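Thank you all for making time this morning.

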Amino acid sequence: MRKLVTTGLSIALAGTLFTGCMKMDGNITVNNDGSCIFSTEINIEKDAMLSAYTKLLNEDGGGDGFTKDQVAVMLESYGVKLVKIDNKEYYKVPSDIAGQSQNKKFDSIAGYYKSLAGISYQTENNVLSLSETSVTIRQPANSNAVEKLFSGNIQDNIANMLKGNKLRKDTVVPWDDEDNDEYIDDDDTVNNNDDVNAILNLFQDKEVMAGLKTATITYKVKFASRIKERSSNVTLSDNDQTMSVTLPLITDKNYNEYAICENDIAAEGALNGVFYNKAVTVTIPGGVQATLNGNAVTDNTVICDKTGTYNFKLPDGKKTTETLCFMVDTSAPVVARQKNRDKAEFSNLYNGNEALLNNGYIAVYDVEGGVSDITVDSISVINDATVNINSNADKESLVSQYYIYSLDTHNFDEGSHAIKVSDMLGNTSEEEFIIDRTKPSVKGVKNGKTYKKAVKIKISDKNGIKSATLNGKAFKSGSKTSKNGTYTLKVTDNAGNVKTTRFKIQK
C-alpha cells in the first residue's frame, strides 16, 4: 500500500481535526498524595472523517478510487473505532495515532506540570490549574486570533507558523526523512512536506473555520474527596467527586470554570502551572506549616520575585498535603557567543565594550521563558537559526529542556547590527554586535618581500589591535627594524582577524 496510507495516517487524522465536529476529552484522576493519571481522547464525527480521508486518498494522494466503505475498513485496521456520543456516531482516534496522552502517570502535581512546560506556557488568563483539591480552567476569547490565523491563504499561514527551523536530526522531528544529512534540508521542513501539503490543500479557509467552530473540549477531573463548590457550567458526578465542563475550542467568550473540594487549602496569590513574568506574593492560610522547595516557610506571606520554580507544599495536619507549583520568569533571554553550534558552550557576547565577531555563532536561548522571536536589524531571523535541544541543569525547574538557536555570523554583512530577542512571557534582550572580517592593515612591509635597508612598520585596524608580535616578541606600531634576518609579523585585531606578514632584511 502507498506510503501515504501506511505512514501518513497520523498526519491525515490531524488534518481531519479541522473538519466536521470534533470532541476532545481531557481526563485527570487526582489522588490526595498528588499523584495523578492523565489521558486524552479525540472523537471525530463519522461522516466528516470518512469524507476528509477519502478525499485525501483519491484527489491529493493519487489513490485508485477508494470508497468510503474501503476507508472505513482501513481506519478500523488502525484501531480507529466507531462510538456513539449523544446519539451521533464518532470515530474514536487511538492516543498513539493522535499523538495524545493515554493513562500517563505522574508522581506529583509538579511532575504533571513539568511534562507541559516548554510546550504550553500557561498564563493567568489561559490555564488549567490543578491541585490535589481544586481545579481552575480559564479560557480567554480566542476567535479573533483564530480568524486571523485562517485569513488569506491557510496553507501559507500554517506553513509560516511551522516552517524553516533547521532542527538537528537527533531531535524528535516527525516529518524527517531517511537521508543521512546531519541537518534537515529545506525540502524536509514542514512547509515543503508532501503529506502535510496534501492535507492543507484539501481545505479552504471557510471549511476550516466552520469545522473548528463546532469543536469542543471536555475536562473531567476526579478527586479523592468531595467537591463542595463549583462554577455554574460545571457538572458533578453522583458522588460529587468528579467535575466535568465542556468548552468550545473557538469562542468569543471568556470562561472561568472551577471546582473546589471540601478539604481545599486556600493559598492565595498564584495558580498552579502558571508562568508569571512579574513578582508574585503568595499568602498562606494560618496554621499551615508550608514548605517552599523543601525549606520551611516561616511567614504567612512569601514574595516570589526571582526567576525560577516555586514549589509549595501545604499540609493541613490531617490527611491532605496540597501543592502550589508555578514559575516566575523576569529574566531576559541570553545572547552569547558560540564557537560550535553542536556544543552548548557559550562565552560573553562582549569582549570589552564591543561585541566584535568574525566567525562562529551567536547563540540565543531562554531556559525558563522560551524564545518566541529573534530579530536582527528589525528583520525576524528565528527561522534562519540552527536549533538544538539542551537539558536544564536545574533539576527542580518545571522546564526540563529548552531550545538553543544558533545564528551563523557568516549570514550577516560586515558592520554594526542590532539584535532583539523576546521570550514567550514578553521579556526582551536588546544587544548590538559588529561583524568584522577585515584583517588588520600593515604598512611598511609586504609579505614575501626582501628589503636592503631598515623598515618602519605601521599597523592599524578600525576596531583596534589586540596583539602584535615580530618573531614572537611584542611589537609596537611605528617601530623600525634594521638587522639582517627573516621576520614574521603577526597582528591580531579585536575581532580575532589575523594578518601574518613574512619578510627579509638583507643589506
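I will begin with how the model was treated, and then turn to the chain itself.

What you see is a predicted model, in which local features need pLDDT of at least 70 and side-chain atom pairs count only at pLDDT 80 or more, while totals for chains, interfaces and linings use all residues. Residues are numbered from 1 along each chain as its sequence is written, and side-chain values use heavy atoms, with hydrogens and water left out.

The protein chain holds ten helices and 39 strands, where helices (H or I, at least four residues) and strands (E, at least two) are DSSP runs numbered from the N terminus. Of its 507 residues, 46% count as buried; buried means under 20% relative accessible area, exposed means over 50%, and partly exposed lies in between, with a 1.4 Å probe and protein chains only. Among the contacts in the chain with a separation of 6 or more, 60% are between residues 24 or more positions apart, a contact being heavy atoms within 4.5 Å.

Now to the charges. The structure holds six salt bridges, each defined as a side-chain nitrogen of Lys or Arg within 4 Å of a carboxyl oxygen of Asp or Glu. In one of them the side chains of Glu 41 and Lys 92 meet, at 2.9 Å from N to O, and this pair links distant parts of the chain, since Glu 41 sits in strand S2 (residues 36–45) and Lys 92 in strand S4 (residues 88–93), 51 residues apart.

Another joins Lys 46 and Glu 89, with the closest N and O atoms 3.4 Å apart. Because Lys 46 lies in helix H3 (residues 46–60) and Glu 89 in strand S4, this pair ties together parts that are 43 residues apart in sequence. Lys 46 counts as partly exposed at 24% relative accessibility, and Glu 89 counts as partly exposed at 35%.

Which side chain of opposite charge is nearest to Lys 23? That is Asp 86, 4.1 Å away, and Lys 23 is buried yet has no salt bridge; for these assignments Lys and Arg count as positive and Asp and Glu as negative, with His and the chain ends not counted. Lys 23 belongs to strand S1 (residues 22–30), and, not counting residues up to four places away in sequence, its contacts include Glu 41, Asp 86 and Tyr 90.

Ser 467, in strand S35 (residues 465–470), counts as partly exposed because its relative accessibility is 34%. Leaving aside neighbours within four places, Ser 467 is in contact with Lys 490, Val 491 and Thr 492, and its C-alpha is 6.8 Å from that of Asp 493, which is 26 residues away in sequence.

Thr 438 lies in the loop between strand S30 (428–435) and strand S31 (441–443), and at 37% relative accessibility Thr 438 counts as partly exposed. The C-alpha atoms of Thr 438 and Ala 495 are separated by 9.0 Å, although the two residues are 57 residues apart along the chain.
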